[in-house]
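This report walks through one chain. Keep the structure in view while reading.

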Amino acid sequence: MRDINRNPLKRDKFVEKNRLRNQLLISLKYHHHETLEQVPLEIAVKAMYETWRACQSENSHHPSSGIPTEINPKMHKVGSFARHLNY
């Protein structure tokens with residue numbers, strides 16, 4: 001965290017990622033809450049990952065395989081599920 005405070009470019013990227021994360025959370029919660037109440041967590045995570053992959057361009061600098069690394073590691077079940085996604 002100290003590096004973020006010292007480097008304005010890192011701080012800006014951190015702030016932007018947080019803004020985008022919050023925008024996504026709000027959208028999912030308020031526009032898709034009924035669907036999310038009905039599906040198991042594993043299905044919701046898989047659907048989110050498939051959607052994320054579909055939205056990535058060919059020239060994207062994001063990892064092309066695996067799941068994004070920001071899944072909470074404390075959620076063992078989700079982490080275990082995410083490691084076994086094969087794309």
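## Overall fold

Among contacts in the chain between residues at least 6 apart in sequence, 38% join residues at least 24 apart. Contact here means heavy atoms within 4.5 Å. The model is predicted: local features need pLDDT of at least 70, side-chain atom pairs count only at pLDDT 80 or more, and totals for chains, interfaces and linings use all residues. Residues are numbered from 1 along each chain as its sequence is written, and side-chain values use heavy atoms, with hydrogens and water left out.

The chain holds four helices and zero strands. Its order along the sequence is α-α-α-α. Both kinds of element are DSSP runs numbered from the N terminus: helices are H or I with at least four residues, strands are E with at least two.

## Surface and burial

The chain has 87 residues, and 10% of them count as buried. Buried means under 20% relative accessible area, exposed means over 50%, and partly exposed lies in between (1.4 Å probe, protein chains only).

## Helix α2

Helix α2 covers residues 8–38. Its 31 residues should span 45 Å at 1.5 Å a residue, and the end C-alpha atoms are 42 Å apart, which agrees. The expected span is 1.5 Å times one less than the number of residues. At H32, α2 bends by about 85°. That bend is the angle between axes fitted to the seven residues ending there and the seven starting there.

E16 sits in α2. It counts as partly exposed because its relative accessibility is 35%. Its side chain makes a polar contact of 2.7 Å with the side chain of R19. A polar contact is a pair of N or O atoms within 3.5 Å; within protein, one must be able to donate a hydrogen and the other to accept it, and residues adjacent in sequence count only if both atoms are side-chain atoms.

What does a search of the whole structure find? One aromatic pair. Y49 and W52 form it, stacked, at 6.0 Å centre to centre with 20° between the planes. Rings of Phe, Tyr and Trp (its six-membered ring) pair if their centres lie within 6.5 Å; planes under 30 degrees apart count as stacked, over 60 as edge-to-face and the rest as tilted. Both residues lie in α3 (residues 41–55), three residues apart, about one turn of the helix. Y49 is buried at 2% relative accessibility. W52 is partly exposed at 23%.

Q56 lies in the loop between α3 and α4 (76–83). A polar atom of the Q56 side chain lies 3.3 Å from the backbone oxygen of W52. Q56 is partly exposed, with a relative accessible area of 26%.
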